[in-house]
Amino acid sequence: MDSIKATIERYKKATAETSSAYTAQELNAQFYQQESKKLRQQIQLMQNTNRHLVGEGLSSLNVRELKQLENRLERGITRIRSKKHEAILAETENLQKREIQLEQENAFLRSKIAENERLQELSMMPAGEQGGQEYNAFQQYLARNMLQLNMMEAAVPSYDPLSSDNKKSDLHLN
């Protein structure tokens, strides 16, 4: 008799566990169905809002809703114009810096060309005239180049005309 009672108890426990497990599954299914429904509604609302923002589906809106949409679009345009203005100012500043850098590079290169032309003129002088003058000209050349290099380094510390790190940046104004 004890074994029958034990069997009946085991049966009741097993059926109770199965029904409670099934109830949990049903609860999960209901929860996910509700969440799915909420998400579909949110998606539909977002799609309608996007259509309204691009000027579609406006016939379903009343005057108050149209005014709210208009105000929202005007605030958005104001933010866009502000950001565009900031970008243009930043690009202008970068272009002005680049202009100064290019002017300094141009001045440096012009001085190098002038020095090379002077050296070529000295090398074409007859040997008699060239003797002591050649040494003095070479010393002057070295002194001027060192002075120019020092001036360039002081004016633009990040600029090195011989460096491969100097890259031209692409700036676009739209």
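How many salt bridges does the count come to, if a salt bridge is taken as a side-chain nitrogen of Lys or Arg within 4 Å of a carboxyl oxygen of Asp or Glu? By this rule the count comes to 4 salt bridges, and three of them are described below. This is a predicted model, in which local features need pLDDT of at least 70 and side-chain atom pairs count only at pLDDT 80 or more, while totals for chains, interfaces and linings use all residues. Residues are numbered from 1 along each chain as its sequence is written, and side-chain values use heavy atoms, with hydrogens and water left out.

**Helix α1**

- K38 and E35 join their side chains in a salt bridge at 3.8 Å, N to O, and they sit 3 residues apart, about one helical turn, in helix α1 (residues 2-53); helices here are DSSP runs of H or I with at least four residues, numbered from the N terminus.
- K38 is partly exposed at a relative accessible area of 47%, and E35 is partly exposed at 30%, where buried means under 20% relative accessible area, exposed over 50% and partly exposed in between (1.4 Å probe, protein chains only).

**Helix α2**

- E93 and K97 form a salt bridge at 3.4 Å, N to O, with both residues in helix α2 (residues 63-123) and 4 residues apart, about one turn of the helix.
- E93 counts as partly exposed at 43% relative accessibility, whereas K97 counts as exposed at 51%.
- E115 and R118, 3 residues apart in helix α2 and thus separated by about one helical turn, meet through their side chains in a salt bridge at 2.2 Å, N to O.
- E115 counts as buried at 2% relative accessibility, whereas R118 counts as partly exposed at 37%.

Note on methods: Helix = DSSP H or I, 4+ residues; strand = E, 2+ residues; numbered from the N terminus.
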